[in-house]
Structure formats: C-alpha cells, structure tokens
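Walk through this fold from the whole chain down to two residues.

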Amino acid sequence: MSAGVLTGPLEETALKSIRCSLRGAAYLAVVAGALVGCSADEPEREFAAPKVVCEVPVPADALSALLPASGRRIAVPEHAFNVDGEGLCKVSVDDDVVLRVTRERIDVGDSAYFILHRRGSIQDPKSTRDRSVAYADRAAASLIKCRGAGVDKEDISIFVDVLKPGRPDEDAMKSLITGYTGAYQKQQPCRPGS
C-alpha cells in the first residue's frame, strides 16, 4: 500500500461521499447564481410610449423618459377634454396615474412661470426665452396667446405633471411641453371672436 492512496471498501465509501458532496455544492452554486441573476434583473416595460397623448401628437422619446421604467400596459383616454378644449387628461400605467395634462382658457395677463409656480409648487422653474413655457423636472406649463382679428382675446394654459412611479426629467419635460404646445397650437384652439 502506497502512502496517500486509498484502497479498500471504507476508503471507496469516503471517496463516494466526497464526490456527492462536491456535486451537491456545485449544483447549489449554479442554482444560487441563477436566483441571484433573476433577482438582479430590472422589471421590463411591456408597453411603448404613444405618439399621441391627450389628443395631441407628442415627442415619444421625451414622453418615454418620463414614464415608468417598467409596466405592462399604458392607458391614454381618447377624449378627455370638453368642446372648448378644456379639461384634465390622465395617463396611467398599470392603473397608476403617472402623467396629467390640464388645459384651460384663462384671462390674459398670467405667465407660464406663475402657473407652474402656483399649480406645481415649483419654487424656481426654468423658462424659455419668450417665457411662453416654464418647466422643471416633474412639471411644466405653457401659454398659447389668442390674439388678433377674429379670435377671442384670451390665453390657453397647458399644465403637465408627472407622478410616481413616473420619472422626473427636466430635459424630457421641456421637450414634452414644447412639443405638445406646438402641436396643439397647430390645431387652432383659439375660439372665433364674437
């Protein structure tokens, strides 16, 4: 019998036991690795950002950045506003309201900055050069000025805000409100004068 070499039934049983333990440990390592890999994966988004929100075309990439990172389905009402174009439109993901768009006709003299400050409780919003749009990471406001021959002298206020689990993003909010306002303005929302 040479040193270090196992022979006999007792030694063979010991070797079998060690092999089984090693196989069991390897199996557990593979299973544990698979479980860790599964739990580390982020939930996926199973819906696509719509190209039309609340009756108006929008920049889908900006909208996508504001919507939750995961979810199964998105719901956008087809008709949320009254005949004058006023009202509240709620966008939901898996039954959670994540984005709201409010449109209303207001008296001349307000500004997008003050609308956002008042409605969104935003202390120091940013605004575009012409001050027709004010925005922050979770809300934005804009004004369409109805002026000129043949239209009522009034402003149309658009207010957009994102709610959890939606994601705040200042650049996306600016792009969304600017795109939404421009597209809505092309629909000629100003009422004919009386």
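What follows starts with the overall layout and ends with a pair of local sites.

This is a predicted model, in which local features need pLDDT of at least 70, side-chain atom pairs count only at pLDDT 80 or more, and totals for chains, interfaces and linings use all residues. Residues are numbered from 1 along each chain as its sequence is written, and side-chain values use heavy atoms, leaving out hydrogens and water.

The protein chain holds four helices and nine strands. Helices (H or I, at least four residues) and strands (E, at least two) are DSSP runs, numbered from the N terminus. Their order is α-β-β-α-β-β-β-α-β-β-β-β-α. Of the 194 residues, 34% are buried. Buried means under 20% relative accessible area, exposed over 50%, partly exposed in between (1.4 Å probe, protein chains only). Contacts are heavy atoms within 4.5 Å. Among those between residues at least 6 apart in sequence, 56% join residues at least 24 apart.

Turn to strand β5, residues 96-106, where Arg105 sits. Is Arg105 buried or exposed? Arg105 counts as buried because its relative accessibility is 14%. Its side chain reaches the backbone oxygen of Pro189 at 2.6 Å. Beyond residues up to four places away in sequence, Arg105 touches Asp84, Glu86, Glu154, Asp155, Ile156, Pro189, Cys190 and Arg191.

Now take Pro43, in the loop between α1 (9-40) and β1 (52-53). Pro43 has 54% relative accessibility, so Pro43 counts as exposed. Leaving aside neighbours within four places in sequence, Pro43 is in contact with Ala69 and Ser70. Pro43 and Ala69 lie 26 residues apart in sequence, with their C-alpha atoms 7.9 Å apart.

Methods:
Polar contact = N/O pair within 3.5 Å; in protein donor to acceptor, adjacent residues only side chain to side chain.
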